[in-house]
Every structure is written in C-alpha cells, then in structure tokens.
Amino acid sequence: MKIALCQLDLAWEQREENWRRAERRIQEAAALGAELVILPEMFCCGFSMAAARLAEPEEGPTLGFLREVAEGLGVAIIAGLPERGAAGGMAANRAVLVGAGGVRRYQKLHPFRFAGEQEHYAAGQEICAWPIRGRGGEVVRVTPFICYDLRFPEVFRAAAAETDLFVVIANWPERRRQHWQTLARARAIENLCYVAAVNRVGEGGGLTYAGDSAIHDPWGELLAGAAVQEAVLVAEIDPARVAETRRAFPALEDRRF
C-alpha cells in the first residue's frame with residue numbers, strides 16, 4: 001500500500017483556509033498514487049485549547065469535507081480534528097479515518113498536561129486497530145496515536161502484535177524536535193513495524209513547528225522525511241515485510257513484562 005504524509009503549515013483557527021491547504025496536498029498525494037493520505041493533529045485549526053468554540057459535532061463540516069475529498073479522489077484519509085461528544089460533555093482530540101468503509105475514530109489517550117489539554121479535551125479510553133485494504137487486496141493493520149501518545153511506549157507495545165503500521169499525527173513544537181525524531185524511530189525499532197509520523201510546520205498559538213515528518217520501516221530505517229516546509233512524503237507499506245522482520249528477529253516473543 002502506498003501512503004502519503006501531508007506536512008502542512010496550518011492557519012491558526014482558520015478552518016476553511018486549512019481545508020484549502022489540505023485539499024491541495026491531498027490532491028498532490030493522490031496524483032503520486034497514494035492510497036492512504038495522513039494529515040496532522042487538529043489539521044483544521046492547529047493545537048488550540050479553544051475547544052468550546054472550535055470542536056465540531058461528530059457529523060460536522062470538517063468530516064464532511066474529508067468525506068468529499070476522499071470520495072472524489074478515491075483515497076482513504078486519516079486526519080486529526082476536535083469533536084464534541086466525549087465523556088462528561090467535554091470535547092475530544094481525535095483522529096478519524098474516512099474513505100475506507102465508513103468513519104472510524106480514535107481519541108487521544110494522553111492529553112498534554114504541560115499545555116493544559118486535559119482541561120479542554122477528555123482522555124480516550126481505548127487503543128484502536130483499523131484494517132485498511134489496499135488496491136492490490138493486501139490488508140494493512142493500522143493503529144493510530146496522537147502527538148503526546150508517542151512518549152508512552154507501553155501503549156505501542158500493547159498494540160504491536162496486531163499492527164503493521166503505527167500512524168502518529170501531531171503538532172509537536174520545534175523546541176522538542178529531537179524528542180520527536182528519536183521517539184518516532186524508536187517506536188519502529190522496538191515494535192518491528194512501520195511508523196508514519198506526520199507533524200505540522202509554521203507558527204501557531206505562539207509556537208513554532210519544524211515538521212520532521214517521517215516514515216520508518218520495521219528496522220527503523222528512514223524511508224521518507226522532511227522538515228521546516230510543507231511537503232508530501234510517499235512510501236510503500238508492505239505488511240508481509242513486517243511479518244518477515246518479526247520472524248527473522250523475534251524480539252517481541254521474548255518480552256517478559
């Protein structure tokens with residue numbers, strides 16, 4: 001399966017402008033043959049704590065935009081957005097999958113306490129696994145995570161046996177870019193699977209973002225990467241290679257705790 005990461009410069013809290021920017025890059029990805037296109041966390045507004053104003057209903061306009069684009073281009077899309085309807089009447093920071101047999105949702109497990117995210121967005125309660133069928137008939141088992149989740153290796157390990165590709169969507173600031181780069185590669189190495197980590201670039205909410213989006217193979221080797229500027233990164237994901245790597249180097253079978 002060919003996947004594409006769209007590293008975007010997001011306009012702060014400007015939904016329609018971000019739709020326009022995203023659509024241009026999704027079209028570019030589709031023209032490159034991508035079957036699955038991945039956008040950053042909260043791609044429609046940036047990592048804003050204005051949840052009461054920005055969070056949309058579950059069948060809201062941004063989901064409608066994603067559905068229309070996915071259907072029109074014949075691709076599946078994973079993207080981040082704030083939605084209403086979480087426990088306790090709070091909003092949720094979610095990843096949605098559209099264009100692959102209905103809408104599926106993942107809710108960020110670990111709100112970013114350092115930024116006060118837990119005061120505006122409810123924590124998710126479960127890990128999700130999304131089997132996505134490619135045009136050639138192969139099924140890639142995709143497990144999504146969001147930004148700060150990357151710092152918690154235990155949730156990746158809990159999902160590893162049923163995962164070919166971890167997708168991490170983020171708004172990860174430049175000041176901690178080495179952490180982002182190191183942890184994304186580590187998650188691929190320790191779980192012997194692909195990791196696609198897509199971040200934003202530009203400025204928003206007083207922070208600067210360097211991107212550093214990357215696709216790593218099951219040995220942690222870099223298949224595609226970019227920093228600082230908008231970009232579309234493309235790579236082939238082969239679930240058979242994950243199985244072969246794990247047979248050749250069966251480290252997951254030696255786990256004790």
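Visitor: How far is the sulfur of Cys6 from the closest cysteine sulfur?
Guide: This is a predicted model. In it, Cys6 is buried, at a relative accessible area of 0%. The closest cysteine sulfur belongs to Cys44, and it is too far for a bond, since the distance is 15 Å.

Visitor: Which cysteine has the sulfur closest to that of Cys128?
Guide: Cys128 is buried too, with a relative accessible area of 11%. Its closest cysteine sulfur is 16 Å away, too far for a bond. That sulfur is in Cys193.

Visitor: How many disulfides does the structure hold?
Guide: A disulfide needs two cysteine sulfur atoms within 2.5 Å. Cys6 has its closest cysteine sulfur at 15 Å, and Cys128 at 16 Å. The number of disulfides in the structure is zero.

Visitor: Is Val142 buried or exposed?
Guide: Val142 belongs to strand 7, residues 139–146. Beyond its neighbours within four places in sequence, Val142 contacts Cys128, Ala129, Trp130, Ile132, Ile78, Leu165 and Val167. Its relative accessible area is 0%, under the 20% cut-off, so Val142 is buried.

Visitor: How far apart in space are Val142 and Gln125?
Guide: In sequence, 17 residues separate Val142 and Gln125. In space, C-alpha to C-alpha, the distance is 18 Å.

Visitor: What is the bridge partner of Leu165 in strand 9?
Guide: Strand 8 (residues 165–169) and strand 9 (residues 194–198) run parallel, joined by five bridges. In strand 9, Leu165 has as its bridge partner Tyr194.

Visitor: What kind of pair do the rings of Trp19 and Phe65 form?
Guide: Eleven aromatic pairs are found in the structure. For Trp19 and Phe65, the ring centres are 5.3 Å apart and the planes are at 5 degrees, so the pair is stacked.

Visitor: How many residues apart are Trp19 and Phe65?
Guide: Trp19 is buried at 17% relative accessible area, and Phe65 is buried at 9%. Trp19 sits in helix 1 (residues 15–31), Phe65 in helix 3 (residues 61–73). The pair links distant parts of the chain, and the separation is 46 residues.

Visitor: What is the geometry of the pair formed by Phe156 and Phe166?
Guide: The centres lie 4.9 Å apart, with 65 degrees between the planes. Planes over 60 degrees apart count as edge-to-face. The pair of Phe156 and Phe166 is edge-to-face.

Visitor: Where are Phe156 and Phe166 in the chain?
Guide: Both Phe156 and Phe166 are buried. They are ten residues apart, with Phe156 in helix 4 (residues 153–159) and Phe166 in strand 8.

Visitor: Which residue lies over the face of Phe156?
Guide: Phe156 is part of one aromatic cluster with Tyr106, Phe145 and Phe166. At 5.8 Å from the ring centre of Phe156, over its face, lies Arg187.

Note on methods
Residues are numbered from 1 along each chain as its sequence is written. This is a predicted model: local features need pLDDT of at least 70, side-chain atom pairs count only at pLDDT 80 or more; totals for chains, interfaces and linings use all residues. Side-chain values use heavy atoms; hydrogens and water are left out. Two strands pair if DSSP finds at least two bridges between them. Helices (H or I, at least four residues) and strands (E, at least two) are DSSP runs, numbered from the N terminus. Rings of Phe, Tyr and Trp (its six-membered ring) pair if their centres lie within 6.5 Å; planes under 30 degrees apart count as stacked, over 60 as edge-to-face and the rest as tilted. Buried means under 20% relative accessible area, exposed over 50%, partly exposed in between (1.4 Å probe, protein chains only). A charge sits over a ring if NZ of Lys or CZ of Arg is within 6 Å of the ring centre and within 35 degrees of the ring normal. Contact means heavy atoms within 4.5 Å.
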